[in-house]
Amino acid sequence: MRALFRLLCAIFLVMSHIELALLFASAQSLSQNPSPMVESTRPHLRIDPPVADGNREALTVGTLFVPGNFGGSEFVPIVVQFHGAFWLGEHYVSTLIPEAVLVSVQLGSGSRVYNDVFENPMVFTTMIKEVNQALAWITDGYSRGGRILLSSFSAGYGATRAILGNPEHYDRVDGILLADGLHASYVDGSSPPRLGEVAPKVIPEDLAVFVRFARDAASGQKRMWVTHSEVFPGTYASTTETADYLLGQLDLSRTAVLVEGPHGMQQLSKVQQNGFYLDGFAGNSAPDHLDHSFALGEWLLRARSWLRSRR
């Protein structure tokens, strides 16, 4: 069984490289202008697919992973990972936060497929119900779900946005991570004019729930981590532009930095206001984008102490 799982992980890794260009271009359902950049300065460190020890159970949507060294505290952090390599999430949760459980959700390319599935509020309701049922069975009724962190890479933000659009779910979700994956459409369509240094306007409704969550995080009520590269899709707003939009709505400014980030990434800016964190990184190539997925361990490490705290 372990050998089979290793084989599946290896196949996934190969497929992820073959389909990298497709993944890179599919954050939204719109096609993007392909980046002409070929990046060879930074190392873009990768790891072979590890096999995390633990138990896996298929949910109605997604797969529940309980680490083999799970301790079973009264309130168990729930990390829901949208998009990216499932084995990365399992590896880092079991290594860094073994008292947490992970739900991995991989639905395909483009944010629309994630949005369409989770637009039905019962999908997320059922997911959390099933996780709590599993926790109760594993711990003989002692444990139940604690803090919920929605972690999304690239197109996975579509699920996060749909979930937060439901008032009940918005209240239940304690934190979100957007790893190089917050996009929006332009008001003037996919080919807006760019006059001088003024960026085209984005459709406010596309980002409204994220602005609200960012405000709550900045006031200390929630936690929100945002990372972005310098990738420029062209036909829809980049993660840099949406980050700038968030900061404008919160009246916050970036602090310029020049430090090495995880996996050889180069950080250029940062913002922190109570529970709101935003980190900007260099790079306009496909490997730069994928770095934000492989750096999942760093993002979870930053959230670890908060996740462990009691609700």
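**Entry 1: ground rules**

Helices (H or I, at least four residues) and strands (E, at least two) are DSSP runs, numbered from the N terminus. With that settled, I looked up Ala85 and placed Ala85 in the loop between strand S3 (75-82) and helix H3 (86-96). I kept in mind that this is a predicted model, where local features need pLDDT of at least 70, side-chain atom pairs count only at pLDDT 80 or more, and totals for chains, interfaces and linings use all residues. Residues are numbered from 1 along each chain as its sequence is written, and side-chain values use heavy atoms, with hydrogens and water left out.

**Entry 2: the whole chain**

I found 11 helices and 10 strands in the protein chain. Next I looked at burial, where buried means under 20% relative accessible area, exposed over 50%, and partly exposed in between (1.4 Å probe, protein chains only). Of the 311 residues in the protein chain, 56% are buried. I put the accessible surface of the chain at about 13800 Å², with 54% of it belonging to carbon and sulfur atoms. Those areas come from the Shrake-Rupley method with a 1.4 Å probe, and for residues only the protein chains shown count as cover.

I then turned to contacts, meaning heavy atoms within 4.5 Å. Among contacts between residues at least 6 apart in sequence, 74% join residues at least 24 apart.

**Entry 3: helix H5**

I followed H5 through residues 121-138, which is 18 residues. From first C-alpha to last, H5 reaches 26 Å, close to the 26 Å expected at 1.5 Å a residue; the expected span is 1.5 Å times one less than the number of residues.

Which residues of H5 are buried? I listed Val123, Phe124, Met127, Ile128, Glu130, Val131, Ala134 and Leu135. Looking down the axis of H5, I saw these buried residues fall within an arc of 155°, so they line one face of the helix. The arc is that of the directions from the helix axis to the C-beta atoms. A reminder to myself: an α-helix has 3.6 residues a turn, so residues three or four places apart point the same way. Turned away from the buried side of H5, I found the exposed residues Lys129 and Trp137.

**Entry 4: past the end of H5**

Just after H5, I noted that Asp140 takes a positive phi of about 55°. Tyr142 is partly exposed, at 48% relative accessibility. Setting aside neighbours within four places in sequence, I found Tyr142 in contact with Gly72, Ser73 and Glu74. Glu74 is 68 residues away from Tyr142 along the chain, yet their C-alpha atoms are separated by 5.9 Å.

Most residues other than glycine have a negative phi, and most peptide bonds are trans. I therefore wrote down His44, which has a positive phi of about 50° although it is not a glycine, and which counts as buried at 12% relative accessibility. His44 is in the loop between helix H2 (20-24) and strand S1 (54-58).

Asp251 went on the list too, with a positive phi near 55°. I found Asp251 in the loop between helix H9 (239-250) and strand S8 (255-260). Is Asp251 buried or exposed? Asp251 is exposed, with a relative accessible area of 70%.

**Entry 5: H6 against H8**

I checked helix H6 (residues 157-164) and helix H8 (residues 204-218), which pack at an angle of about 70° with their axes 10 Å apart. That makes H6 roughly perpendicular to H8. From H6, the contact uses Tyr157, Thr160, Arg161 and Leu164, and from H8 it uses Asp206, Val209, Phe210 and Phe213. For these values, axes are lines fitted to C-alpha atoms, for helices over the stretch in contact, and angles run from 0 to 180 degrees between N-to-C directions. Angles under 35 degrees count as roughly parallel, over 145 as roughly antiparallel, 65 to 115 as roughly perpendicular and the rest as oblique.

How many residues of H6 are buried? Eight of the eight are, so H6 is largely enclosed by the rest of the structure.

I found Gly175 in strand S6 (residues 175-179), buried at 0% relative accessibility. Not counting residues up to four places away in sequence, Gly175 touches Ile148, Leu149, Leu150, Phe213, Arg223 and Trp306.

Last, I looked up Thr235, in the loop between strand S7 (223-228) and H9. Thr235 and Ser190 are 45 residues apart in sequence and 4.3 Å apart in space, C-alpha to C-alpha.
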